[in-house]
Amino acid sequence: MSRKGLAIAALVLGLALGALAVIGLRSVQPFGGGPDAESIATASLQAVREQNRLTPFTARYVAVVTSTRTRFGLSAQKTLIMPGTVRYEIDLSKLGENDLAWDRAAKTLTVTLPPVELAGPEVDLAKVQEYSAGGILASVTDAESALGAANRQVGRAELLKQARSPEAMRMARDAARRAVERSFALPLAAAGLDARVSARFADEVGAKDPSWLDRSRRMEDVLNEKQAAR
């Protein structure tokens, strides 16, 4: 298993253990009624939120940019090859009870995730390469440093552009869904409940499907109803 896979597995295990510690106090219904899925999900939410940020996916990109400057009838050119790493993160602290919906009939917990955020790029300075042409202009003006600065700025923008590609974002979102689903599914399974967890983003069609909204109830409403019944 890769380092990234081990890190995600450790995070998921930590989330599960944290949730189970809270679940031990909250999940049993009065009078020995057995484990309660809504209470377990709420306890899991607390443990997940305490982790703050999840980094389910990282990727390395390479930007190749060339800048040219012309003065006095002369031209100077500089090419930059800049590798960098971008982290794809989810701010778990933004999750709230209204982002959980429990479908009792289908035994499915749906979690609506906050958007994926990009962190970086972290440029690998040891691997940066630069190639210059037009030595006369560079020697009598500041063209060399100006071209270098322009390339670095454009290079960072290019790395982020690559990181935002549909394919990269799809892989990051898939990884985030899997990690969060495991974080909520493990405590439910540990409590002996046969329940499925489905994580999705708010901008996905299924999250706004009216039929799904009819079947599922926000966890906040479920808990408020329980509180009123006591």
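## The nonpolar core

Val111 is also one of the residues with the most contacts inside the largest nonpolar core, together with Tyr61, Tyr88, Leu109, Val180 and Phe184. This core has 38 residues. Helix α5 gives the largest share, nine residues. In soluble globular proteins, nonpolar side chains tend to be buried together.

## Strands β4 and β7

β4 and β7 run parallel to each other and are paired over six bridges. Leu109 has Val197 of β7 as its bridge partner. Of the six residues in β7, five are buried, and the strand is thus mostly covered.

## Confidence

The mean pLDDT of the chain is 78, and 67% of the residues reach at least 70. Strand β5 (residues 117-123) has the highest confidence, at 95, while helix α6 (residues 210-215) has the lowest, with a mean of 42.

Two segments stay under 50 in pLDDT: residues 21-32 and residues 207-215. Beyond four places in sequence, the model has 17 contacts for residues 21-32 and twelve for residues 207-215. Where pLDDT is low, the predicted coordinates should not be read in detail.

Notes
Residues are numbered from 1 along each chain as its sequence is written. This is a predicted model: local features need pLDDT of at least 70, side-chain atom pairs count only at pLDDT 80 or more; totals for chains, interfaces and linings use all residues. Side-chain values use heavy atoms; hydrogens and water are left out. A nonpolar core is a set of buried Ala, Val, Leu, Ile, Met, Phe, Trp, Tyr and Cys residues joined through side-chain atoms within 4.5 Å. Buried means under 20% relative accessible area, exposed over 50%, partly exposed in between (1.4 Å probe, protein chains only). Helices (H or I, at least four residues) and strands (E, at least two) are DSSP runs, numbered from the N terminus. pLDDT is the predictor's confidence in each residue, from 0 to 100. Contact means heavy atoms within 4.5 Å. Two strands pair if DSSP finds at least two bridges between them.
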